[in-house]
Amino acid sequence: MPSPPNDGEDQGASPVNRPSVGSYQSSGKRKVHTKKKKGTITANVAGTKYEIVRIVINEMDFIKTRDDDETANLIWNDSAVQHEKIAELRNYQRINHFPGMGEICRKDCLARNMAKMIKCQPQEYSFIPKTWIFPAEYTQFQNYVKELRRKRKQKTFIVKPANGAMGHGISLIRNCEKLPAQEHFIVQEYLDKPFLMEGYKFDLRIYILVTSCDPLRIFLYNDGLVRMGTEKYHAPSEANLSQLYMHLTNYSVNKHNENFERDETVDKGSKRSISWFTEFLRTNDYDVAKFWGDVSELVVKTLIVAEPHVLHAYRMCRPGQPPGSDSVCFEVLGFDIILDRKLKPWLLEINRAPSFGTDQKIDYDVKKGVLLNALKLLNIRASDKKRNLAQQKAEAQRRLYGHGSMKKLSAASSDWEKQRHTLERRREELKERLAQVRKQISREEHEKQHLGNYRRIYPPDDKLLLEKYESLLSAAFQTFLAGRAASLQKEMNNPLKRMKEEDILDLLEQCELDDEKLMGKSSRQRGPKPLTGMPECSQTPRRQRPDYLADFTSGSSADNSCSSSDEEEEEERRKSLKTSTAPSASPSLSGPIRRSISCPRSIASLSSPNEVRALSTRPSPTVPVAPPLVRPSSATLRSHSLSRSGSAHRVPHSNILALRAEQSGKPSS
């Protein structure tokens, strides 16, 4: 392993913890305490044995905490963690494992889940060799072998422990009758025509970063490791089946061979970088873009298989966390991929705890980049802890005083109250989704600026590819979670998930127009006047923020409730009955909605009636439509909910209240 910077010093301690020269007075009698640095990010790395993790923590200026400190911003463990530990984490914390990821990281679970997906999407999942899980599929395997004999074909199979690692317990067989029927392992078809390099078989270690499962976000590191066998490859036969240095590419196996080369040059040695391999392909006129496209699709499709399990387990651990909020989990996965002679990638296995050992310089360079760029992408901030405590306090006050909660309907509620309640609920749903969209925009801006050597492969920029992935994701939910996670199915089919900021703002505007019609307000001119009720996006410069938005924070959702208390509503009604000169403001609207700078279709930018009319003819997005809002009288005045058509004549608010009082037999004031 190469000597890291400051070799010989304590790598677990941050430089900010060391006393400076000026910490003591020249007399030496009196100690001058230095003020503790504000805004520090803490990391608990007691669960890892790899020194490279501590080196990266120091380079990021994170402060290493005590081993028993469970409040650190970052917690790193080499092995998977218990679900209870994830459930106990605060929202500002990050841990490097997802619950449920074992569904693709155990060999038997990967085979079982892939088999289910192959049944419904056989053409999309043709990148994994035929696999049988023993003892459950022993009979199916023997039937397959009999069919091969009938066709006079001979194939080689590789036997692996169901939960093994580092090449332990792996063997090759051709005489399948010797396999025990009751042992727990998996059997795969052996790929006997691999892509060779200098006559050696090799595989690729691809590093993948998953930053969130809700929504799913996947990043691929542009470098990795090429791990070569240490004996020249020959097609499997009875004579060479036991020569594992020829057939296996595991580093943990081949490093024990005397032929293993620890050459530090780029183009030599038994371990090389994927960046060198990419140049090798380009030099030999291979289609490098297609190669990386195939690898990216393999990774995304595999994680789509895991997504329903991971999301379900994550929701079970974090039941109160709203969709779209920052994930407390992330994971660096090691995908082992082999290429056939046509350069098609095949998935061998996935490691949820890839080795970060640095036996050679190439290990140090590649793995340090993987970790350093991953931590920068996570956007761990020193202010997260303070912000989380403030949010918890605000949430406790809302629960205590009932702010932001909608009034429940009773059995005796009138049709008018039911319609109003439906509108309120619809508006809150739109506002919550709008906050999620704006937060996602802010997150994507950070990712673009801190990708480093990563690139995002899900969600992709290609819309056609995204549609294909979403179709596969929907099939995965239907296959694995049918009947036991209906709420996730409903959320997947929610049209609001695919809507952009401008579409949600259009619907929010329609909710306001419907509310005005219901309350009998006069017609509001649609033009450059700003909308009401929502905060600006975080991309709006602060100096352009009006005073009435001073208390709003970008990306907030339920904090910015548009409903008032019952007393304030009753007071507004009394005022409207006394004055009746101007319609009162809707009790559910409290501030102006502005379209953020990032919103490409802003009504405030429309300068002529023709432009407004052109916008009104645009079909609205497909969403569940609220029932028409009908004024409680025999008049035929109606408001077509979520419609872009012109408004009808309005009836003053006071007339509505007087009419309601007359119908109930009570005086109007």
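Which residue stands opposite Phe 185 in strand 8? Hold on to that for a moment, and hello everyone. What we have on screen is a predicted model, so please keep that in mind as I walk you through some parts of it.

Let me begin with the overall picture. The chain has 669 residues, and 49% of them are buried. Its secondary structure comes to 18 helices and 16 strands. If we take the contacts with a separation of 6 or more, 71% are between residues 24 or more positions apart.

Now back to my opening question. The residue opposite Phe 185 is Pro 161. Pro 161 belongs to strand 6, which covers residues 157–161 and runs antiparallel to strand 8, with 5 bridges joining the two. Strand 8 also has a link to strand 5, residues 131–134: those two are antiparallel as well, joined by 4 bridges. There, Trp 132 stands opposite Val 187 of strand 8.

How many of the residues of strand 8 are buried? The count is 5 of 5, so this strand, residues 185–189, is largely enclosed by the rest of the structure. If you look at the side chains, Phe 185, Val 187 and Glu 189 point one way, while Ile 186 and Gln 188 point the other way. Both groups are buried.

Helix 1 is mostly covered, with 7 of its 9 residues buried. Among them are Ile 52, Val 53, Ile 55, Val 56 and Ile 57, and also Arg 54 and Asn 58. The buried residues of helix 1 pack against strand 1, strand 2 and strand 3, and against helix 10 too. Just after helix 1 comes Asp 61, with a positive phi of about 65°.

While we are in this area, have a look at Thr 65, in the loop between strand 2 and strand 3. Buried or exposed, would you say, for Thr 65? The relative accessible area is 13%, and the cut-off for buried is under 20%, so Thr 65 counts as buried. Beyond its neighbours within four places in sequence, Thr 65 is in contact with Thr 42, Ala 43, Asn 44 and Ala 72. Thr 65 and Ile 41 are 24 residues apart in sequence, and their C-alpha atoms are 9.8 Å apart in space.

I mentioned helix 10, so let's go there. Helix 10 spans residues 361–378, and at 1.5 Å a residue its 18 residues should span 26 Å; the end C-alpha atoms are 26 Å apart, which agrees. Helix 10 is mostly covered, as 15 of its 18 residues are buried. Just after it, Asn 379 takes a positive phi of about 60°.

Next is helix 9, residues 288–317. Its 30 residues should span 44 Å at 1.5 Å a residue, and the end C-alpha atoms are 41 Å apart, which agrees. Where does helix 9 have a kink? At Ala 306, shortly before the proline Pro 308, and the kink is about 40°. At the start of helix 9, a side-chain oxygen of Asp 287 comes within 3.3 Å of the backbone nitrogen of Ala 289.

My last stop is Asn 257, in the loop between helix 7 (251–254) and strand 11 (271–273). Asn 257 has 10% relative accessibility, so it counts as buried. Its side chain makes a polar contact with the side chain of Thr 230, at 2.7 Å. Setting aside neighbours within four places in sequence, Asn 257 is in contact with Thr 230, Glu 231 and Tyr 245.

Note on methods. Residues numbered from 1 in each chain as written. Predicted model: local features only at pLDDT ≥ 70, side-chain atom pairs only at ≥ 80, totals over all residues. Heavy atoms only, no water. Expected span 1.5 Å × (residues − 1). Bend = angle between axes of the 7 residues up to and from the residue. Polar contact = N/O pair within 3.5 Å; in protein donor to acceptor, adjacent residues only side chain to side chain. Buried < 20%, exposed > 50% of the residue type's maximum accessible area, 1.4 Å probe, protein only. Pairing = 2+ DSSP bridges. Contact = heavy atoms within 4.5 Å.
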